[in-house]
Amino acid sequence: GKLHQTTADKRRYYQDYCQSYVVHLTSSLGGKAGTKNFFSKKKTTTAASKLHDSCTTFMKTISEGSLGTIKSVVEGAQVLITSTKGDIRGEVVHVGSKDYACIDYLDDKDHTIDVLFDYIGYQAQERLEEDDVWSDGSKVYIARKNNSFDLLKHIPLNRIRTDPSWLLERISDNRTADLGCFLNVDIFKSIVSDFIDQDWKPHCTALIHQASDIILSAMADSLEKSSSCREFSKRFPNLHVLIKQRSNNVARILLSDAEKQILQHLEMEKHPYTQDQILFNNIAASRYRGIQRELEVSLKLDQEGVVYETSTIQSILNTVFQRTQQKSVEHYMAEELEIVLESYGKVATKRVIDRTPMICWDVVRSLVPSIQDILWNITDVQLEETMMKDNNNKEFEKKYN
């Protein structure tokens with residue numbers, strides 16, 4: 001091959017190689033290095049495309065996390081069903097369409113043909129697995145002991161709300177010396193902190209680690225694709241090692257700083273704060289939704305043609321408000337806490353869904369300029385040393401690593 005005797009020749013050769021490497025890396029990180037032939041069976045996926053996929057998966061995972069779905073009606077959730085007899089506790093066993101769900105009883109007294117079931121006590125000929133749930137397309141059934149099964153009622157979602165009872169223990173365990181009718185903000189902060197550590201942190205760190213794998217892989221591929229790579233690495237192995245090590249060091253520094261930013265953001269989110277009016281609007285709208293729903297059900301407002309006399313309406317109102325007054329202060333505090341958690345969760349979840357990927361993409365945008373800076377700043381002495389054929393490879397790696 002061509003000899004590079006002068007320092008200027010060596011530097012020109014080195015810069016041509018680095019420029020080819022940078023061009024390939026820029027294309028991959030920018031999403032412009034994919035296959036150009038639509039009908040080609042062998043398709044190359046760019047680093048940008050891979051990171052976009054990772055960010056989309058991250059967004060879906062965080063959106064479905066506890067802080068973002070505190071009051072969502074999902075299978076397995078314990079809920080309260082509004083009825084003319086008051087709230088009935090149950091567990092969601094089937095979510096059909098967007099407007100109904102099927103609920104199984106939690107208290108034996110509610111295993112009746114009333115609110116939760118259309119029929120109970122069917123007998124099957126074949127063997128059934130207790131608690132199995134199945135549908136024939138329109139009706140939903142649940143298996144019981146001794147090969148019997150029940151027909152579950154389709155309950156409108158607007159009559160179902162999540163049960164805040166899980167918060168009662170947190171409230172009880174965090175009593176203060178203050179008057180017990182006020183919501184303890186420390187409980188709220190503690191729950192938010194737990195959700196962040198358990199739900200968000202693992203997925204946030206996983207995303208930056210995925211970004212690290214994607215970026216380092218793109219760098220290795222770009223180095224391999226650079227013009228005359230095999231000739232270059234064979235003739236000047238030490239220089240090839242130097243470029244690879246310097247590039248990887250730059251990437252790892254940027255990625256390490258990005259992970260610190262992500263963790264700092266999560267720590268900041270453990271101290272809840274927002275000026276987003278959505279939070280306050282949602283709290284105001286949710287605060288009296290329960291009693292409004294109970295009044296609508298008791299007065300059968302969803303049924304046309306139902307007319308009550310004034311005395312009957314007054315009796316229904318009295319019954320509803322009497323049931324409401326029988327609830328404990330702790331129960332009201334739990335309901336209020338759940339409302340605030342749900343409302344704040346909607347605001348905070350949007351922040352982390354955007355912030356974490358933005359930090360990852362900032363690494364992508366900063367990487368090529370940073371690599372160019374470090375590669376362009378090689379000294380003549382280093383260039384001479386690395387382009388000498390008789391250099392000891394192991395000693396060189398130790399010196400410049």
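Predicted model: local features only at pLDDT ≥ 70, side-chain atom pairs only at ≥ 80, totals over all residues.
Residues are numbered from 1 along each chain as its sequence is written, and side-chain values use heavy atoms, with hydrogens and water left out.

Helix H2, which spans residues 47-63, has 17 residues and reaches 24 Å from its first C-alpha to its last, close to the 24 Å expected at 1.5 Å a residue (the expected span being 1.5 Å times one less than the number of residues). Helices and strands are here DSSP runs, numbered from the N terminus, with helices (H or I) of at least four residues and strands (E) of at least two. Within H2, Ala47, Ala48, Leu51, Ser54, Cys55, Phe58 and Ile62 are buried. These residues cover an arc of only 120° around the axis, which puts them on the same side of H2; the arc is that of the directions from the helix axis to the C-beta atoms. Buried means under 20% relative accessible area, exposed over 50%, and partly exposed in between, with a 1.4 Å probe and protein chains only. An α-helix has 3.6 residues a turn, so residues three or four places apart point the same way. The cover over the buried residues of H2 includes helix H1 (7-30), helix H4 (185-225) and helix H10 (329-376), where contact means heavy atoms within 4.5 Å.

An open sheet of four strands, with antiparallel pairing, has the order S4-S7-S6-S5; two strands pair if DSSP finds at least two bridges between them. Strand S4 (117-123) and strand S5 (133-135) stand at the edges, each with a single partner strand, so one side of each is left without a neighbour in the sheet. Strands S5 and S6 pair in the antiparallel sense over three bridges, with Ile142 in S6 as the bridge partner of Val133, and their hairpin has four residues between the strands, among them Gly137, which takes a positive phi near 110°. Strand S6 (residues 140-143) in turn pairs with strand S7 (residues 148-152) in the antiparallel sense over four bridges, and Leu151 in S7 is the bridge partner of Tyr141. In the hairpin of S6 and S7, which has four residues between the strands, Asn146 takes a positive phi near 60°. From S6, Val140 and Ile142 point one way and Tyr141 and Ala143 the other way, and all are buried.

A further open sheet, of five strands, has the order S8-S3-S2-S1-S9 with antiparallel pairing. Strand S8 (155-156) and strand S9 (160-162) stand at its edges, each with a single partner strand, so one side of each is left without a neighbour in the sheet. Six bridges join the antiparallel strands S1 (residues 78-83) and S2 (residues 86-95), and Gly86 in S2 is the bridge partner of Ser83.

Lys270 lies in the loop between helix H6 (237-269) and helix H7 (277-287) and is buried, with a relative accessible area of 14%. Leaving aside neighbours within four places in sequence, Lys270 is in contact with Lys189, Ser193, Ile196 and Asp197.
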